[in-house]
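Visitor: Could you bring the model up so that we can go through a few residues together?
Guide: Of course, here it is.
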Amino acid sequence: MNNKTDYQIMNSVYSFSELSSIIELTNAEISAIEKRIRITPYVLEMIKNGNPQIRKQFIPFKEKNTISFKDDYLQETHYSPIDNLVHRYKNKAIYVSTNQCACYCQFCTRQRITQNHHPYNENLGQVLDYLCCHKEISDLLITGGDPLILDNARIIRILDAVSSLKQIKVIRIGTRIPITLPMRIDADLLNALGKYNNLYINIHINHISELTTESKRAIISLANTGIPLGSQTVLLAGINNNEDALRELFNELVSIKVKPYYLYQCDKVKGCEEYVASVLEGIRIINSLNNTMSGFAIPKFVVDTPELGKMVLAPCSITGISDENISLASTHGRCTYSLI
Ligand code: SF4
């Protein structure tokens, strides 16, 4: 870690009482006081400057009388043969490398882990043993919490260990650090990450206002080490659930060497009740963008289901299928395509 990162971590806001001494909280925010917060000074500055899209992501609120979702909607615990490892798909696994993040996103699908007060049970050896016994796993997603909040020595220890397993062809890191703590992406970390040939990084970003000068510098410096970068975005009610906001974001991402990879339907997880947008709206937005933007800038719109895992919903031009033809639609019109 460097001095700027240390400063951000040491001066982060962890409690509502501290937060309310810095900014005036709304009634809706005070109603959500039971949730846990963690906000870096860097992100807090954007909130203080009046950025509603950032504020809603990191300060919880309760506006509507909504139903309450479940803690572990995706049944990750059920798919965890050991602590910190989720093995849902045959060839892929998720390693939860920490329960810490620079900031707590209030729509986090894993908030049962990031927002609880339990200490993290470090068990990398056990995870490696499991991977060795399951040679069918070739793709490992290292997530958390946020893996890049860990110190460099631990990140290197994890990556060295995982990349020494011949069966692992793809290592992916999912991170929000370039957005919430961009000063963490420094020369030492870049040197550490740059030596793994099969490492991919997916950056979690939801709105163009998250792409500040600092975060762009962090992202471009990651790209310039040669690490392929993708993005994942969560469709969030009142934050980015409109075509213009997502067009702007995806266009900007491709201009800084990031391939928009997934747009997620927000999971129906306890604590996310205020954030879930209409799934039909997501389909409509992605199909519309698909007709008006470079295909390279279009992420897949996916929904995670407890039964079948990730399902792709859009882009999709098919509106109907019969024995003779398929019906297709775009913003330019409709047609049928004969199957015979
Ligand atoms: S950074 Fe990722 S893991 Fe951490 S709170 Fe945000 S969404 Fe959840």
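Guide: A polar atom of the side chain of tyrosine 120 lies 3.3 Å from the backbone oxygen of serine 97. This is a predicted model, where local features need pLDDT of at least 70 and side-chain atom pairs count only at pLDDT 80 or more, while totals for chains, interfaces and linings use all residues. Residues are numbered from 1 along each chain as its sequence is written, and side-chain values use heavy atoms, with hydrogens and water left out.

Visitor: Where is tyrosine 120 found?
Guide: Tyrosine 120 is in the loop between α6 (111–114) and α7 (124–133), with helices taken as DSSP runs (H or I, at least four residues) numbered from the N terminus.

Visitor: What is tyrosine 120 in contact with, leaving aside its neighbours within four places in sequence?
Guide: Those residues are Asn84, Tyr95, Val96, Ser97, Thr98, Asn99 and Arg154, where contact means heavy atoms within 4.5 Å.

Visitor: Switching to threonine 5, is that residue buried or exposed?
Guide: Threonine 5 is buried, because its relative accessible area is 0%, and buried means under 20% (1.4 Å probe, protein chains only). Threonine 5 belongs to helix α1 (residues 3–10), and a polar atom of its side chain lies 3.5 Å from the backbone nitrogen of arginine 184.

Visitor: And which residues are around the ligand?
Guide: Around the ligand are Cys101, Cys103, Tyr104, Cys105, Cys108, Gly145, Arg176 and His204, each counted as near if one of its heavy atoms lies within 4 Å.

Definitions and conventions: Helix = DSSP H or I, 4+ residues; strand = E, 2+ residues; numbered from the N terminus. Buried < 20%, exposed > 50% of the residue type's maximum accessible area, 1.4 Å probe, protein only. Polar contact = N/O pair within 3.5 Å; in protein donor to acceptor, adjacent residues only side chain to side chain.
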